[in-house]
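Student: I have the sequence and the coordinates open. Can we go through the packing step by step?
Tutor: Gladly. Ask away.

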Amino acid sequence: MSTLAIDKAGPSRKIKYGSMSRDRAWALRWSYFFLVLFAIFFLTPPIYMLITSLKSSAEISAATNPWWVFHPTLSNYVELLTSNQFLRFFWNSSIVSLAVVLVTMLISVPAAFALARMKFWGSTTLATGVFLTYLIPDSLLFIPLFKMLALVQDYTGITLLNRWYVLLFIYPTLTVPFCTWIMIGYFASIPKELDEAALIDGASWLQTLTRIFIPVALPGLIAATIFAFTVSWAQFLYPLVFTTSVDQLVLPVGITTTLIKGDVFNWGQIMTGALLGAAPPLIIYAFLMDYYIAGLTAGATKG
Amino acid sequence: MADVALRKVVKRYDDVEAVRGIDLDIADHEFIVLVGPSGCGKSTTLRMIAGLEDISDGDIMIGGDVVNDVPPKDRDIAMVFQNYALYPHMTVAENMSFGLRLKHYPKAEIKARVTEAARLLDITDLIDRKPKQLSGGQRQRVAMGRAIVRNPKVFLFDEPLSNLDAKLRVQMRIEIKKVHQKVRTTTVYVTHDQVEAMTLADRVVVMNKGRIEQIGTPNELYHKPATRFVAGFIGSPAMNFIPCRLEDVGSTLQIRLTDRIAFPLPPARAARYNALPRTDKLLLGLRPEHLTESHAHLESGVETFDTVLDVTEPMGMETLVYFGLDGTPVCGRVNPNAGAKDGAPMRLAMDLNNMHLLNEETGVVL
Amino acid sequence: MADVVVEQGQAVRAARARKPASLRNVLGRKSTVAFFLTLPLILLIALLVLYPAVYSVHLATLNKSMQKFVGFGNFLFLFKRDTFWMVVKQSCIFAVTAVFFKALIGFIVAHFVHNIPAKGQRKWRGMLLVPWVIPPAMSTLAWLWLFDPSYSAFNYTLSFFGIGPINWLGDNVWARFSVILVNIWYGAPFFMIMYLAALKSVPDQLYEAAAIDGANWWQKIWYVTLPMMRNIIAITALFSLIVTFANFDIVRILTSGGPLDQTHIFATWAFKVGIEGSDIPLGASVSLFMVPILAVAAIFILRDVSKRGNEA
């Protein structure tokens with residue numbers, strides 16, 4: 001056995017080395033080939049959005065080659081960006097998302113700090129509970145929440161249904177648990193000596209949080225912020241259920257309900273609206289990709 | 001600056017006692033080193049002095065005041081951590097002044113203190129850098145600077161050099177000593193490295209299993225260890241412990257190491273050990289430097305014997321030789337020119353004037 | 001210097017003199033601070049997650065006008081309806097198939113990205129994650145347009161190969177295929193990114209050791225990569241199972257459950273019955289049927305996540 005192995009390894013070493021690098025070159029070619037295929041699959045819908053958005057209604061209904069723009073026009077963009085209704089959707093979405101980010105951070109950062117650093121009665125249970133809450137989907141809660149909001153309205157007279165600001169209370173249920181969870185991970189990775197040093201330097205708990213933990217865990221904070229923003233921006237079910245008047249709608253609901261008029265689909269405008277609606281998260285992603293991905297993987301790798 | 005006192009200090013975690021009743025008096029300006037193997041309670045003791053751990057029992061006093069329930073920030077202490085614990089988002093100057101800024105010191109005062117400390121530690125050029133841009137030794141200096149600017153009553157060091165490489169460690173050791181000579185602040189320093197302990201301390205506190213084994217100056221610990229633990233812990237290579245017993249041969253008291261090897265004790269030692277019962281199981285404690293090559297002009301009390309070396313380690317200025325005595329491994333230090341070779345026979349000399357005799361069961365040095 | 005020390009001493013003494021102000025003391029205590037820091041979180045979870053969850057059980061026991069307690073009446077009613085069983089079946093097919101292919105595609109793509117030189121990886125990774133970044137409601141509109149019965153870009157392309165035209169959303173088999181396809185498209189990048197992170201965390205020495213032991217590429221995957229990634233594969237798949245099972249956007253926009261309720265899953269049907277059909281108790285009952293599957297997945301995730309915690 002051993003002589004056999006030596007036989008093989010000895011004289012043929014050079015050839016073997018050569019074949020290995022050839023193998024690698026082929027593996028690389030195949031990798032690129034399949035990556036291109038998958039990229040086509042993954043990027044077809046957004047590219048098709050862009051193509052259609054540049055077409056006039058006439059060109060679309062003429063049923064020419066759908067993959068090519070023969071007479072590019074920005075008329076769809078001009079029309080939407082000057083339409084009060086669409087701007088209203090955009091404005092509602094922006095306000096809701098930004099406010100939800102703020103609320104989320106104000107709730108989850110202090111809570112994560114307490115859960116990561118101040119062991120207290122029930123803190124482990126609460127941390128687990130936060131994670132479990134994150135696993136409760138919106139489609140389980142929209143019906144009872146709808147009824148609850150209606151009841152609050154009946155008893156107090158405060159109108160909550162069909163008002164965009166009700167989303168400010170509802171969206172944090174989607175963002176806060178995950179943001180708290182990943183901030184716990186980031187805070188826990190800060191060496192214990194750092195808060196002890198701060199303690200000896202005379203910092204209170206709140207000063208330790210604001211002057212040491214938040215600056216040090218800034219990457220985590222950015223990741224959590226991005227997460228909260230994209231979730232709020234993309235949320236579809238809750239605004240579909242809780243808001244109905246055109247002036248109260250956020251983008252995803254606005255585009256799907258108002259641009260589709262009966263059975264008439266104005267596809268040029270729908271695609272333009274969808275692309276504009278996808279733009280803010282895409283832009284954030286383009287500039288802060290590393291934070292975005294860090295936030296995405298943090299849930300499973302940091303826990 | 002102030003003295004520090006520990007009175008019967010106990011630390012319990014659930015049902016485990018990490019520190020089992022420590023009494024320690026540290027004088028003003030003194031440099032005390034707590035040394036011991038990991039888990040001996042030295043770091044816990046330091047953290048209790050700092051106020052980072054509650055004490056389960058006993059009292060801790062700083063400057064005569066009991067500080068058991070005083071939070072760390074009001075104890076007027078400063079601490080240097082093993083991983084330095086520099087705030088990564090602050091510059092060196094901001095790191096050093098953080099404590100002062102929290103206490104709302106006047107800006108001019110802060111600046112003066114930071115400049116002074118930076119000058120003392122030779123980091124004036126680094127004052128605007130972030131910790132990430134500093135080398136290990138520089139971070140160490142900044143951590144010390146952060147402690148110095150506070151001008152506290154007590155400095156606490158928690159294994160500050162163990163993250164540095166060997167060469168830098170020696171250098172920083174000297175640096176710490178210099179700084180202490182200048183600022184003269186009472187210092188408690190924790191390390192597991194006995195060399196660090198010996199070189200830095202005014203007095204060394206050897207701890208083991210939550211208790212103090214011995215307190216003394218470095219030389220006292222080295223030459224007059226009180227227990228087997230201290231004898232074995234201090235000094236490198238460690239002291240040899242060879243099973244032995246005492247015998248009376250005529251009127252002389254002799255020590256028998258193996259069936260073949262037995263030596264008469266020098267008169268001073270014989271007088272000291274004469275009263276011991278001959279039946280006790282004893283250990284001969286002998287440092288390697290008292291086991292050397294034999295030569296022509298031996299002092300009295302130095303006895304020779306022949307052995308076969310197992311392994312030799314040339315160290316340059318000396319050669320360490322390893323051999324067995326009835327199965328007990330023994331280490332000696334011989335002149336590099338004495339011709340020690342692996343597996344070769346050699347005649348060695350044992351200096352019984354520097355011997356220690358220990359009770360094998362109790363571990364007490366007799 | 002000396003007078004500063006004296007000042008400090010006075011300050012300490014003064015602080016001690018003030019000690020009887022016990023409210024300050026209580027407020028400064030660690031547990032008190034921790035309580036206030038977590039209070040908003042606890043309130044949010046209790047009022048807007050736990051309470052509605054419990055409330056939905058209560059709702060499920062009422063009649064349509066919510067005047068009368070009917071016990072298990074709604075559930076018994078559902079058991080007798082074919083549509084309900086169709087929804088159960090379709091939800092399971094939808095979730096299991098979609099998660100399986102998401103995981104498979106994610107794994108394959110992650111491998112290819114991991115294979116290419118490190119400096120190109122960032123670019124490819126960035127490109128391949130785009131479907132996950134676009135809000136699903138927006139991207140599903142693009143798919144709806146790609147599937148359009150009269151102007152389908154897919155059918156246009158396929159016609160060159162002599163295939164079709166396929167009735168993507170009108171035929172019940174194709175409609176089921178389509179909603180699953182879109183879900184795979186949307187979710188596979190997430191798996192890819194998770195697996196890529198996991199692949200990167202496998203130390204190179206292990207592959208080198210395996211290569212020296214004579215393992216071929218398949219054996220390396222089977223004996224080194226998969227065991228090292230097992231935990232993350234499990235967590236990602238279970239997590240995705242929950243999200244896919246509870247999915248709403250894609251089916252709602254693509255088919256609204258049609259044709260003939262064939263593509264309804266729990267969330268869309270609950271919406272149709274509860275909100276559009278104004279039968280809130282029945283809608284609540286429908287969505288409650290998601291709980292068992294979600295609970296099982298959640299328990300396994302929790303186990304794996306805490307296992308990871310212990311390993312670290």
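Student: At roughly what angle do the axes of helix 9 (residues 172-188) and helix 12 (residues 218-234) of chain A cross?
Tutor: Bear in mind that this model is predicted. Two packed helices are described by the angle between their axes and the distance between the axes. Here the axes of helix 9 of chain A and helix 12 of chain A come within 10 Å. Their crossing angle is roughly 165°.

Student: Is helix 9 of chain A roughly parallel or roughly antiparallel to helix 12 of chain A?
Tutor: Angles over 145 degrees count as roughly antiparallel. The axes cross at roughly 165°. Therefore helix 9 of chain A and helix 12 of chain A are roughly antiparallel.

Student: How many nonpolar residues does this contact of helix 9 with helix 12 of chain A have?
Tutor: Helix 9 of chain A contributes residues including A:Phe178 and A:Ile182, and helix 12 of chain A residues including A:Phe227 and A:Val231. Three residues in the contact are polar and none is charged. The nonpolar count is 11.

Student: What distance separates the centres of domain 1 and domain 2 of chain A?
Tutor: Domain 1 covers 2-53 and domain 2 covers 77-301. Their contact takes four residues from domain 1 of chain A and six from domain 2 of chain A. Taken over C-alpha atoms, the centres are separated by 40 Å.

Student: Which helix of chain A gives the most to the side that touches chain C?
Tutor: The contact takes 77 residues from chain A and 74 from chain C. On the chain A side, 62 are nonpolar, 14 polar and one charged. The top contributor, with 16 residues, is helix 2 (residues 13-53) of chain A.

How values were computed:
Residues numbered from 1 in each chain as written. Chains lettered and ligands numbered in written order. Predicted model: local features only at pLDDT ≥ 70, side-chain atom pairs only at ≥ 80, totals over all residues. Domains from an automatic or database assignment. Contact = placed C-beta atoms within 7 Å. Helix = DSSP H or I, 4+ residues; strand = E, 2+ residues; numbered from the N terminus. Nonpolar A, V, L, I, M, F, W, Y, C, P; charged D, E, K, R; others polar. Axes fitted to C-alpha atoms, helices over the stretch in contact; angles between N-to-C directions. Parallel < 35°, antiparallel > 145°, perpendicular 65-115°, else oblique.
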